[in-house]
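Reader: I would like a close look at one part of this model, the nonpolar core and the helices and charged pairs around it. Please take me through it residue by residue.

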Amino acid sequence: MTEGLNKTMLALILFCVLTEAGREICFKFASAKDRGNIYLHPWTLTGIVFWGVELVAWTYVLAHVPLSIAFPLMASSYAVIAIFGAILFRETISLRHSIGVALVSGGVICVGVSGL
């Protein structure tokens, strides 16, 4: 039964966004540190743990929030991951990329406001 978006569910979605970003950062660290067996690298295994935690939290969110609201809010992970990529890996974010991230973020805000 879906209840809708409330502050608790919004916080849990934010947690899912952060665990998804954590997972991707761990996988990137693993691939950058070791070109050998990256599947058993500690960063890879940490990323898999993030993945499992996110799976449990996300399933809980989907049991309480309509998919049409929850999933678009997860798109904010694109912006979070792009920002962390620039900070941690010194990746370049072009003007076009910045505009795309801003548009996605604007859509996330529209969905979030409509769901409250």
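Author: Of the 17 residues in the largest nonpolar core, those touching the most other members are Leu5, Ile13, Trp58, Val61, Val65 and Leu73. Such a core is a set of buried Ala, Val, Leu, Ile, Met, Phe, Trp, Tyr and Cys residues joined through side-chain atoms within 4.5 Å, where buried means under 20% relative accessible area, exposed over 50% and partly exposed in between, with a 1.4 Å probe and protein chains only. Two or more residues of this core are given by each of α1 (7-33), α2 (42-64), α3 (67-74) and α5 (95-115), and the largest share, five residues, comes from α1. Helices here are DSSP runs of H or I with at least four residues, strands are runs of E with at least two, and both are numbered from the N terminus.

The model is predicted, so local features need pLDDT of at least 70 and side-chain atom pairs count only at pLDDT 80 or more, whereas totals for chains, interfaces and linings use all residues. Residues are numbered from 1 along each chain as its sequence is written, and side-chain values use heavy atoms, with hydrogens and water left out.

In soluble globular proteins, nonpolar side chains tend to be buried together.

Turning to helix packing, the axes of α2 and α3 come within 10 Å and cross at roughly 145 degrees; axes are lines fitted to C-alpha atoms, for helices over the stretch in contact, and angles run from 0 to 180 degrees between N-to-C directions. On the α2 side the contact is made by Glu54, Trp58, Val61 and Leu62, and on the α3 side by Leu67, Ala70, Phe71 and Met74. By class, this contact has seven nonpolar, no polar and one charged residues, with Ala, Val, Leu, Ile, Met, Phe, Trp, Tyr, Cys and Pro counted as nonpolar, Asp, Glu, Lys and Arg as charged, and the others, Gly among them, as polar.

Because Glu54 lies in helix α2 and Arg23 in helix α1, the pair ties together parts that are 31 residues apart in sequence. A salt bridge is a side-chain nitrogen of Lys or Arg within 4 Å of a carboxyl oxygen of Asp or Glu, and the structure holds three. Both partners of this pair are buried, Glu54 with a relative accessible area of 8% and Arg23 at 10%. Arg23 forms another salt bridge with Glu24, again with the closest N and O atoms 2.9 Å apart, while Glu24 is partly exposed at 31%.

Glu91 and Lys28 meet through their side chains in a salt bridge (3.7 Å, N to O). This pair links distant parts of the chain, with Glu91 in the loop between α4 (76-89) and α5 and Lys28 in helix α1, 63 residues apart. Glu91 is partly exposed at 37% relative accessibility, and Lys28 is likewise partly exposed at 36%. Through shared partners, salt bridges join Arg23, Glu24 and Glu54 into one network.

How values were computed: Contact means heavy atoms within 4.5 Å.
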